[in-house]
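Subject: Structure handover

Hi,

Here is the structure I promised to pass on.

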Amino acid sequence: MSAVLEWLNGIIWSSALVYLCLGAGVYFTIRSRAVQIRQIKAIFRQMFRGKSSDEGVSSFQALAMSLAGRVGVGNIAGVATAIGFGGPGAVVWMWISALLGASTSYVESTLGQVFKEQDPKSGEYRGGPAFYIEKAYRHTKAKGLFKVYGMVFAFVTIVAMSFMLPGIQSNAISGAVHNAWDVPTWATAIVLVIIIGFIVVGGIKRIAHFASLAVPFMAVLYIIAAIAVTLINADQIIPVIELVFTSAFGVDAGQEAAFGGIIGMAVQWGVQRGIYSNEAGQGTGPHAAAAAEVSHPSKQGLVQAGSVYIDTLFVCSATAFMILSTGMYRVFGADGETIIGTGRGQMVEEIAATPGEKWPQAGLDSMMTGFGAGFIAISIFLFALTTIVAYYYMAETNLVYLLGRIKNPMVLAVGKRVLQLLILVAVAVGATSTSGSVWALGDIGVGLMAWLNIVSILILQQPAFKLLRDFERQTKQGLDPVFDPRSLNIRNAELWEKRLERAPAGTAPPQG
């Protein structure tokens, strides 16, 4: 089974997907005139504007939900894996994928807001790629094709979010906890199942509340620890910066042959782990974006672009510095043999042999003896827990998209219970499995979603750029931008049209 997963993963994550991710980012950056850089002030300003309503969460809560999905094991174990198989230069390619991916995130998240729907029972907003894939061209002759495409994406997302990806998170938690306190993996699995089960049965409001409390706390605490390592290890700041940039392009003066030989792997692992971490283009961000209560879709598109920065430039960089500055890493060739040793950090062979959460644990522990393993274990627990909860929310959203067509409340209720059971089983199995198999399975899920979503937004991109121009025009006029789909000739945005119809004469729709 492991060999089959590796083979399938190699096909999905071929160089074609790497080029597609980078190419889409370059194209959207050019098309938007670098919105992720030009609108940097608006990006961080919008994060803290707007309020929640009975129907939608606030921009900040939607950001927290998005970060709950983005900031996870990929920011710790994923960074270590990228360095282990792509070299220190993989970190630079994670940064590049984040910078370019922020524009991709703007496009997909804006589309998620435009074509969101309102749950007839709960009144909550729901949306995502399946919704905009079907609705964007519903008025054309190709509507049947896009409807099928949307259903395929929804099915893949349900499988990926409930079966393929949760195991990575729970596996990292159980591994880190076992390494720190020698707790059996089965015991960690039981605790995780109980906690996650309580949260997911509460619906989007409980998920948003949990994420808005846990995500800022865990991210700030983790970055503070990285700053502490930086201060203790200040003499390594310049050498680490030089190392990641020179090795990214295979020009390190001391190890040019080795780094030059793996430059392709640096790009592949940097982009692959970058996409897994920041999720730009994967299609996960639009689910959280659609849940927000805002007056203009571009507002939440900008917020989601900013979440990519927070995820990669802050949290992933913190992990990279912990590992590289302390020398607690190795770089492996395709045959699994060590091709680059650091000559600094001294790790026991069991830890050094497998890139993962144990590397930053060893790095932090080398600077703060007796503290590192436990702190990283707690960080991973919070990071991964919020990510699993976000996975469930996205899986449920796509389940509602598929089963909502049946118009039978009982079928949907049973479907949700089955989905909850499936994700709890995946968590339990992942926590007690080997790391290699769960990572291969997770990469397949991420890759499939990225292929389907990036192709779709390249086709459906036009409304996102109409909205960007409209947002900037209204902002220059000193207005709080409000979206009117009719004035922009954007069809099938029924929810927004109803909002305009409900607004009292002579007034604008609710601001957010």
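Below is what I found, starting with how to read the model.

This is a predicted model, so local features need pLDDT of at least 70 and side-chain atom pairs count only at pLDDT 80 or more, while totals for chains, interfaces and linings use all residues. Residues are numbered from 1 along each chain as its sequence is written, and side-chain values use heavy atoms, with hydrogens and water left out.

**Helix packing**

Two packed helices are described by the angle between their axes and the distance between the axes. Helices here are DSSP runs (H or I, at least four residues), strands are too (E, at least two), and both are numbered from the N terminus. Axes are lines fitted to C-alpha atoms, for helices over the stretch in contact, with angles from 0 to 180 degrees between N-to-C directions.

Helix H7 (residues 90–114) packs against H13 at about 80°, with the axes 7 Å apart. That makes H7 and H13 roughly perpendicular (65 to 115 degrees; under 35 is roughly parallel, over 145 roughly antiparallel, the rest oblique). Val91, Val92, Trp93 and Trp95 in H7 meet Val244, Phe245 and Ala248 in H13, where meeting means contact, that is, heavy atoms within 4.5 Å.

H13 (residues 237–248) also crosses helix H17 (residues 297–326) at roughly 105°, and their axes come within 10 Å. Here Ile237, Val240, Leu243 and Val244 in H13 meet Phe321, Leu324 and Ser325 in H17.

**Salt bridges**

There are 13 salt bridges, each a side-chain nitrogen of Lys or Arg within 4 Å of a carboxyl oxygen of Asp or Glu. In one of them, Glu472 pairs with Arg33, with the closest N and O atoms 3.1 Å apart. Glu472 sits in helix H23 and Arg33 in the loop between helix H2 (15–31) and helix H3 (35–38), 439 residues apart. Glu472 is buried at 9% relative accessible area (buried is under 20%, exposed over 50%, partly exposed in between, with a 1.4 Å probe and protein chains only).

Glu494 forms a salt bridge with Lys135, the closest N and O atoms being 3.0 Å apart. Glu494 is in helix H24 (residues 494–502) and Lys135 in helix H8, so this pair ties together parts 359 residues apart in sequence. Salt bridges that share partners join Glu117, Glu134, Lys135, Arg138 and Glu494 into one network. Lys135 is buried at 3% relative accessibility, whereas Glu494 is partly exposed at 25%.

Cheers
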